[in-house]
Amino acid sequence: MWFNLKRASRATDASLRRDLAQLSESQTASSEISNTEAVVTGAGRDRFVPAIIAVVLVSAALYFGRLVLEPVAFVLFTMALVEPFQKSVEARMGKPMALILTILLALLVISLLVLAIVWSIGDVGHWAVANVDRFQSLYMRANQWLESHEIFTVDLSNSFDSSTLVRIFQAVAVQVNYFMGFALVVFLFLMFGLAEMSEFKIKLEALDKKMSGWSLAETSGRIAEKIRKYMVIRTLASVVTGVAVFLFTLSIGLDLAVAWGVISFVLNYIPYVGPLVAVILPVIFATVQFESWQMAAVIFGSLYLIQFVIGSYLEPMLTGTALAISPFVMLFAFLIWDFLWGMPGAFIGLPVTIALFTIWEQNPSTRWIANLMSTSGAASESLHE
């Protein structure tokens with residue numbers, strides 16, 4: 001009996017030792033898992049902080065270096081647009097003639113754009129100065145209506161005269177002069193860029209041989225193709241918008257119908273803000289001309305409907321999956337580039353975003369960023385590839 005009790009006690013001790021060993025092993029494994037999670041968390045935190053610092057430094061460099069970087073961005077953008085024309089002419093007439101004709105084509109397009117802007121603004125300015133009394137009367141009626149509804153206003157009727165409008169259009173003229181100077185700088189850079197385009201492609205091909213995972217030459221080609229698609233769609237939408245605005249304002253008898261069509265065409269190249277300005281300006285002048293808020297409301301609703309139908313239905317239908325970038329990302333990119341570079345950034349911001357999106361899409365290590373920025377359909381297709 002004593003022997004049986006002793007044997008049972010030994011069995012109990014052995015079982016207890018096994019339980020203690022298993023408990024120790026589980027604690028060790030748990031400690032290793034915790035240490036691994038801590039290492040991963042620490043590594044993630046170590047990568048997150050430098051990433052934030054890098055974003056801040058790049059944003060600061062873009063902001064303070066905008067005087068140099070803006071023309072370069074516009075030159076690269078223009079080179080992507082004229083590349084097919086230069087290739088086609090070079091295949092038929094040789095490189096020197098292709099370079100000359102491409103430069104002349106770029107000069108013609110830039111000159112027509114500048115002349116259209118200057119003419120339309122000048123036409124609107126002359127009309128405004130000639131009808132300054134109507135503007136002053138409109139302001140006084142609006143001021144009286146606000147006061148009758150006990151809304152605080154500032155009486156500026158004594159200082160609102162022709163000189164006020166002259167100062168406004170002088171400020172606009174300063175911006176137009178800046179635009180013309182900027183266009184001249186871009187054109188000068190463009191001449192040198194087009195002359196060295198073939199040598200630059202050779203350098204890209206040489207770099208591709210030293211890289212693995214993605215091709216710079218292929219990526220630059222895809223960027224240029226997407227930018228051309230974007231500009232074709234934007235140009236078509238701008239032409240349709242300008243013609244629709246011209247026909248509508250002409251049919252209702254609004255003065256400066258041609259100028260409003262040209263302004264709508266030009267401003268449609270600036271996403272979000274441009275169409276809004278192209279609606280508000282004619283409404284203000286229509287209120288002065290017709291002296292009727294009902295007529296102004298009709299014009300506002302009609303012009304807004306034109307912008308809404310073209311911007312919300314025609315452009316997305318034509319775009320399709322050509323760009324496949326989320327609309328929210330496009331809006332966010334517009335705000336960021338407008339903050340960094342002002343009005344030039346508002347225009348060039350989306351093409352730059354398209355370029356960055358294409359680079360991230362082609363590079364395996366950054367493809368996840370492109371998936372986050374893309375539409376749901378494009379992201380799912382990319383994940384299944």
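Me: Buried means under 20% relative accessible area, exposed means over 50%, and partly exposed is what falls in between, with a 1.4 Å probe and protein chains only. Is Glu83 buried or exposed by that rule?

Reply: Glu83 is buried, because its relative accessible area is 14%. Before going on, note that this is a predicted model: local features need pLDDT of at least 70, side-chain atom pairs count only at pLDDT 80 or more, and totals for chains, interfaces and linings use all residues. Residues are numbered from 1 along each chain as its sequence is written, and side-chain values use heavy atoms, leaving out hydrogens and water.

Me: How much of the protein is buried?

Reply: The label applies to 34% of the 385 residues.

Me: What does the secondary structure come to?

Reply: Helices (H or I, at least four residues) and strands (E, at least two) are DSSP runs, numbered from the N terminus. Here there are 13 helices and zero strands. Along the sequence the pattern reads α-α-α-α-α-α-α-α-α-α-α-α-α.

Me: Now the charges. How many salt bridges does the structure hold?

Reply: A salt bridge is a side-chain nitrogen of Lys or Arg within 4 Å of a carboxyl oxygen of Asp or Glu. The structure holds four. One of them joins the side chains of Lys87 and Glu83, at 3.5 Å from N to O.

Me: Where do Lys87 and Glu83 lie?

Reply: Lys87 and Glu83 both lie in helix H2, four residues apart, or about one turn of the helix.

Me: Which other residue forms a salt bridge with Glu83?

Reply: Arg228, with the closest N and O atoms 3.6 Å apart. That pair links distant parts of the chain: Glu83 is in helix H2 and Arg228 in helix H7 (residues 216-251), 145 residues apart. Arg228 is partly exposed, because its relative accessibility is 24%.

Me: Which salt bridge does Glu361 form?

Reply: The side chain of Glu361 meets that of Lys226 at 3.1 Å, N to O. Again distant parts of the chain are linked, with Glu361 in helix H11 and Lys226 in helix H7, 135 residues apart. Glu361 is partly exposed at 22% relative accessibility, whereas Lys226 is buried at 9%.

Me: Which residues are joined into a network by salt bridges that share partners?

Reply: Glu83, Lys87 and Arg228 form one network.

Me: On to the rings. How many aromatic pairs are there?

Reply: Rings of Phe, Tyr and Trp (its six-membered ring) pair if their centres lie within 6.5 Å; planes under 30 degrees apart count as stacked, over 60 as edge-to-face, and the rest as tilted. The structure holds 12 such pairs. One of them is Phe77 with Phe347: 5.8 Å centre to centre and 90 degrees between the planes, hence edge-to-face.

Me: What does the pair of Phe77 and Phe347 tie together?

Reply: Phe77 lies in helix H2 (residues 66-93) and Phe347 in helix H11 (residues 327-362), so the pair ties together parts that are 270 residues apart in sequence. Phe77 is buried, at 7% relative accessibility.

Me: How far apart are the ring centres of Trp260 and Phe285?

Reply: The centres are 5.2 Å apart, and the planes stand at 65 degrees, so this pair is edge-to-face. Trp260 is in helix H8 (residues 257-267) and Phe285 in helix H9 (residues 273-290), and the pair links distant parts of the chain, 25 residues apart. Trp260 is buried at 1% relative accessibility, and Phe285 is buried at 7%.

Me: Which residues form one aromatic cluster with Phe77?

Reply: The cluster is made up of Phe74, Phe77, Phe182, Phe265, Tyr269 and Phe347.
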